Amino acid sequence: MRELALRTSEKQNFCTNLGATDSRLDGKVRRLSMYNSGRNMQLSKSMSNNLRSFFFFETELFPFSSLHHNLSHFKLLRVLDLQGVSVETLPGGLFSLVDLRYLNLRDSKLREIPKSIGSLQNLQTLDIRNTNVQRIPNELTKLSNLRHLYMYSYKNDCSRDFNFLCTIKAPLGIWNLHSLQTLACLEADEHLVKQVGSLCELRRFQVTKLRACDGPKLCASIEKMNFLRYLGVMASNEEELLQLEDLSPPTPLQKLTLVGHLLRLPPWLSSLMNLTHLYLGWSRLSGDDDILSSLQVLSNLVFLELKKAYEGELLQFHAGFFPKLNKLNLWELTRLKSVIIDEGALPSIRFLHLIRCEELKGLPTGIEHLATLEKLHLQEMPQEFVQELQRDISEDRRNVRRISTVKHVFSSEHNCVVETLLY
């Protein structure tokens, strides 16, 4: 079947399959993917003139200078994917590709976006996630057709750090890019939170370093984004309050991330009946609040993560809670001592992660009711918790025998160890 697909694709000039010794590329190919090539790349004139999409999967052997020399000849190129390429600067020829729609530089070593980016008037997607770029030139705001802009990086060890995202200040006037559907993500400032409401076409919007005093202004802007599906808001630091009580979020919202101190759950949260993914981080909600009873009305949730979000000692999942939930992560709930799962709760759960809950000494009571549970992931849990699971005759061990994967991840002498607890 693979050979038949290749022959058909080559016949229709959809792709070409190169041998290990090929160095010259010829033909009227419109889509070219290169992988594991240490050759000097030479494209015929016919290929250069017809190529529409170029995907490059780099190895250290690839002479990137070859791409520098060829790029300006790809006059009709619309898609350029250089994800993972070890390039620090962009070749000048790239900015003559006036038909370019999609430019992926994710996970590269890129250091700078030059002002020439403004010449790519047809560009619709720019992805510079996990690069070394620290600023965006104002010329980016000339790209009136830009729809998707991704520009953030994760820190190497982001599991404990509040500021796990490295973000970039918005270029002045970014709110004039009225075609934007994805803006992920930007550092908040007083001017931005007021003006970003003009981006009425946004489907995904993420903002970091929000100050409490700017929360109400951001709420007013978000309310204008009638098509919003994914919203992420992060406070400027762990102590900063997320002041989002006044928000009337768009009803289509499906994914919500809130990172920062909350005095209480926002009153509008229970109205998001289309919500499928919810992440609460560093919320530090009081143990006096019945957080699960407030959230269980979100009956379409398939993913829920609470990270440093709750300071109570008990979480109880009553019958009927979260009928569609597929994955539950309880992460660094440092005062949590007991989890109770009543029969009929979490009927669709497949993955349960318990991570650094240092006061939780045993499995959730009622875990045997979770007939659909496939994976129990434990990470740096208390010694008593793990030892009880390791005892052959323990009740905890009997209750998880039918779970296909039970693993514990912990650190030992600066190494990460993955231990399988059931065989």
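Modeller: One point before the labels: the model is predicted. The largest pocket holds about 590 Å³ of space.

Biologist: Which residues lie nearest the centre of the largest pocket?

Modeller: Tyr154, Phe164, Tyr230, Thr257 and Tyr279, out of a lining of 25 residues. Strands S9, S12, S13, S14, S15 and S16 each supply at least two residues of that lining.

Biologist: How do the residues of the lining divide into nonpolar, polar and charged?

Modeller: There are 15 nonpolar, six polar and four charged.

Biologist: Why is His377 called buried?

Modeller: Its relative accessibility is 12%. Buried means under 20%, so His377 counts as buried. His377 is in strand S21, residues 375–379.

Biologist: What does His377 touch, leaving out residues up to four places away in sequence?

Modeller: Leu352, His353, Leu354, Ile355, Lys407 and Val409. Each has heavy atoms within 4.5 Å of His377.

Biologist: What makes Glu332 and Lys308 a salt bridge?

Modeller: The N to O distance is 3.7 Å. The cut-off is 4 Å, so the pair counts as a salt bridge. Glu332 lies in the loop between S18 and S19, and Lys308 in the loop between S16 and S17, so the bridge ties together parts 24 residues apart in sequence.

Biologist: What about Glu388 and Arg391?

Modeller: Their closest N and O atoms are 3.0 Å apart. That is within 4 Å, so this is a salt bridge too. Glu388 is partly exposed at 25% relative accessibility. Arg391 has a relative accessible area of 41% and is also partly exposed.

Biologist: Which residues do salt bridges with shared partners join into one network?

Modeller: Glu190, Arg211, Asp214 and Lys217.

Biologist: How many salt bridges does a search of the whole structure find?

Modeller: The search finds 17.

Key. Residues are numbered from 1 along each chain as its sequence is written. This is a predicted model: local features need pLDDT of at least 70, side-chain atom pairs count only at pLDDT 80 or more; totals for chains, interfaces and linings use all residues. Side-chain values use heavy atoms; hydrogens and water are left out. Helices (H or I, at least four residues) and strands (E, at least two) are DSSP runs, numbered from the N terminus. Buried means under 20% relative accessible area, exposed over 50%, partly exposed in between (1.4 Å probe, protein chains only). On a 1 Å grid over the protein atoms alone, a cavity is a set of points where a 1.4 Å probe fits but cannot get out, and a pocket is an open set with protein on both sides within 12 Å along at least five of seven lines; lining residues have an atom within 4 Å of a point. Grid points are joined across faces, edges and corners, and a volume is the space filled by probe spheres set on the points. Ala, Val, Leu, Ile, Met, Phe, Trp, Tyr, Cys and Pro count as nonpolar, Asp, Glu, Lys and Arg as charged, and the others, Gly among them, as polar. A salt bridge is a side-chain nitrogen of Lys or Arg within 4 Å of a carboxyl oxygen of Asp or Glu.
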